[in-house]
Amino acid sequence: MDSHTRVTYRDNPNFFQRVSNSFMGIFIGFIVIIASFALLWYNEGRAVQTTRSLDEGLSKLISLKSTEVAIAENNGKLVYLTGPLKTDKPLSNAIYGVAVQAVKLRRSVEMYQWVEHEHKTSVPLLYRV
């Protein structure tokens, strides 16, 4: 007969060990709070820098009235324009045999795969009917 013995040891900390564990938890908590303030300061600084950069770009932005003519004085400047987007050449995909009048053609391919394991066993017939 097999016998199993389980032995457990339980450490009962005294008062000073419990107080030192509590002070260690408080110390780690203060470190985490200080680190969170530093991280928040860094993140807010980056947000302010991004806002200032966007405001600077907006103040230097030039709006183009015509999309037909390029003006040489706008070279190197921040410009924006609106207008119809069109092309005379159709896009095609030779694999699927698709041709459309568009400026962008995207192909999305999905593949499903599985592994099949087949296991056969033969059990001898002990009794015949």
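## Overall form

Of the contacts in the chain with a separation of 6 or more, residues 24 or more positions apart account for 0%, a contact being heavy atoms within 4.5 Å. The model is predicted: local features need pLDDT of at least 70, side-chain atom pairs count only at pLDDT 80 or more, and totals for chains, interfaces and linings use all residues. Residues are numbered from 1 along each chain as its sequence is written, and side-chain values use heavy atoms, with hydrogens and water left out.

The chain has a radius of gyration of 37 Å, whereas a compact globule of 129 residues would have one near 14 Å; the radius is taken over C-alpha atoms, and the globule rule is 2.2 Å times the number of residues to the power 0.38. The C-alpha trace spans about 95 × 80 × 20 Å along its principal axes.

## Secondary structure and burial

Helices (H or I, at least four residues) and strands (E, at least two) are DSSP runs, numbered from the N terminus.

Of the 129 residues, 2% count as buried, that is, under 20% relative accessible area with a 1.4 Å probe, protein chains only.

## Surroundings of Asn93

Asn93 belongs to strand E3 (residues 91-93) and is buried, with a relative accessible area of 14%. Not counting residues up to four places away in sequence, Asn93 touches Val98, Leu105 and Arg107.

The side chains of Asn93 and Arg107 are also joined by a polar contact of 3.4 Å. Such a contact is a pair of N or O atoms within 3.5 Å; within protein, one must be able to donate a hydrogen and the other to accept it, and residues adjacent in sequence count only if both atoms are side-chain atoms.

Notes: Buried means under 20% relative accessible area, exposed over 50%, partly exposed in between (1.4 Å probe, protein chains only).
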